[in-house]
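Welcome! Here is a short briefing to read alongside the sequence and the 3D view.

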Amino acid sequence: MATAGLYNTTGEWLFKVGLPGKSGVGGGILAVAPGKLAIGVYSSRLDAAGNSVRGQLAAQSIAEALGLNLFAVGK
């Protein structure tokens with residue numbers, strides 16, 4: 001999931017959110033914080049890459065609020 005989960009925007013997602021994720025063209029996104037939890041979000045409007053626009057923002061907001069970024073300094 002970390003290398004291809006969000007189609008052509010996987011690298012950007014991993015940099016911004018810091019969690020492996022997988023999206024579907026139906027608007028769902030699943031992100032995983034290994035050994036901690038999973039985040040599931042859904043919103044039907046998709047971006048040009050086929051990923052949920054609001055779902056990406058919601059998952060990023062949740063990951064930031066809970067300090068889940070795997071690449072954050074000080075982890």
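In this predicted model, the buried residues of helix 1 are Thr-10, Trp-13, Leu-14 and Val-17. Buried means under 20% relative accessible area, exposed over 50%, and partly exposed in between, using a 1.4 Å probe and protein chains only. Helices (H or I, at least four residues) and strands (E, at least two) are DSSP runs, numbered from the N terminus.

**How to read the values**
- Residues are numbered from 1 along each chain as its sequence is written, and side-chain values use heavy atoms, with hydrogens and water left out.
- As the model is predicted, local features need pLDDT of at least 70 and side-chain atom pairs count only at pLDDT 80 or more, while totals for chains, interfaces and linings use all residues.

- Gly-18 follows helix 1 and has a positive phi, near 80°.

**Helix 1 against helix 2**
- These two helices pack at an angle of about 30°, their axes 10 Å apart; axes are lines fitted to C-alpha atoms, for helices over the stretch in contact, and angles run from 0 to 180 degrees between N-to-C directions.
- Trp-13, Lys-16 and Val-17 of helix 1 meet Gln-56, Ala-59, Gln-60 and Ala-63 of helix 2, where contact means heavy atoms within 4.5 Å.

**The largest nonpolar core**
- This core has 12 residues, among them Leu-6, Trp-13, Leu-19, Ala-31 and Ala-63.
- A nonpolar core is a set of buried Ala, Val, Leu, Ile, Met, Phe, Trp, Tyr and Cys residues joined through side-chain atoms within 4.5 Å.
- Strand 2 gives the most to this core, with three residues.

- Ala-31 lies in strand 2 and counts as buried because its relative accessibility is 1%.
- Ala-31 and Ala-63 are 32 residues apart in sequence, yet 9.1 Å apart in space, C-alpha to C-alpha.
- Leaving aside residues up to four places away in sequence, Leu-19 touches residues including Trp-13, Ala-31, Ile-39 and Leu-68.
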